[in-house]
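Please have the display open while I talk.

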Amino acid sequence: NGAGIAMYNGATLTMNGGSFTSNFNVSFENGCGAAIYINNSTATFNNVRFYDNQFRIRSGHGAAVYATQSTVTMDGCEIVSNGVYGKINTYNGHGSYSTIHITGGSTLTIKNTILKENGSSDYRDDVQPWQTGNDLSLIRVKDGSQLFLDGCTITENISTDYILAAFNTTVYATNTTITGNAASVFEGDTAAFTNCTFGNNAYGPTFDIQSIDQSVVFIDCEMG
């Protein structure tokens with residue numbers, strides 16, 4: 001886990017500037033974190049660039065960030081070209097199931113950050129996502145975790161299935177633009193989008209709402 005950094009057992013990381021560039025996770029099965037893996041820890045990234053972090057042997061979870069039972073904050077970051085984006089022949093890479101993967105009751109806050117040109121696996125490897133809940137996604141949030149997006153730009157990503165996949169969790173997005181992606185915007189059960197802009201996102205339904213007894217709320221949004 002974590003080709004760049006792996007954190008465990010209450011560790012704390014603060015990173016100001018710098019980058020995670022061209023780290024390769026070479027796990028033979030279901031690797032977690034090509035740039036960083038965060039387990040029961042706290043990580044803060046200010047103005048950090050995550051670029052070209054990949055899975056080499058098999059597809060994995062969280063090409064840029066994988067966090068479980070942790071608190072992660074990202075502000076002013078760039079998350080670009082992770083998880084294969086037109087590079088599968090160059091690196092013989094297998095892509096990722098997710099660029100950012102948050103689970104185990106974690107909290108992820110992303111502010112003023114660009115997520116651009118990230119890719120995903122072009123096939124399903126030996127894991128069947130429709131059986132295991134590993135739909136190909138840019139950001140995957142699950143198991144009681146929370147995602148907060150504010151002032152972010154999400155564009156030109158190829159995630160095959162979804163930009164945001166969130167089950168048994170809540171997504172709060174404000175002042176965020178999600179346009180020009182080759183994927184549906186949202187799959188999940190509970191979310192609140194405020195002052196967000198959507199448009200020209202391809203694949204299936206833009207918003208795939210999975211629960212009738214919970215809600216997805218839009219306030220002052222531009223649907224494109």
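Predicted model: local features only at pLDDT ≥ 70, side-chain atom pairs only at ≥ 80, totals over all residues.

Arg56 lies over the face of Phe24, at 4.8 Å from the ring centre, where a charge counts as sitting over a ring if NZ of Lys or CZ of Arg is within 6 Å of the ring centre and within 35 degrees of the ring normal. In the case of Arg49, the charged end sits over the ring of Tyr51, 4.5 Å from its centre.

Residues are numbered from 1 along each chain as its sequence is written, and side-chain values use heavy atoms, with hydrogens and water left out.

Turning to ring pairs, rings of Phe, Tyr and Trp (its six-membered ring) pair if their centres lie within 6.5 Å, and planes under 30 degrees apart count as stacked, over 60 as edge-to-face and the rest as tilted; the count comes to 13 aromatic pairs. Tyr8 and Tyr37 form a tilted pair, 5.5 Å centre to centre with 50° between the planes. Tyr8 is partly exposed at 39% relative accessibility, whereas Tyr37 is buried at 7%, buried meaning under 20% relative accessible area, exposed over 50% and partly exposed in between, with a 1.4 Å probe and protein chains only.

Phe193 and Phe218 form a stacked pair, 5.4 Å centre to centre with 10° between the planes.
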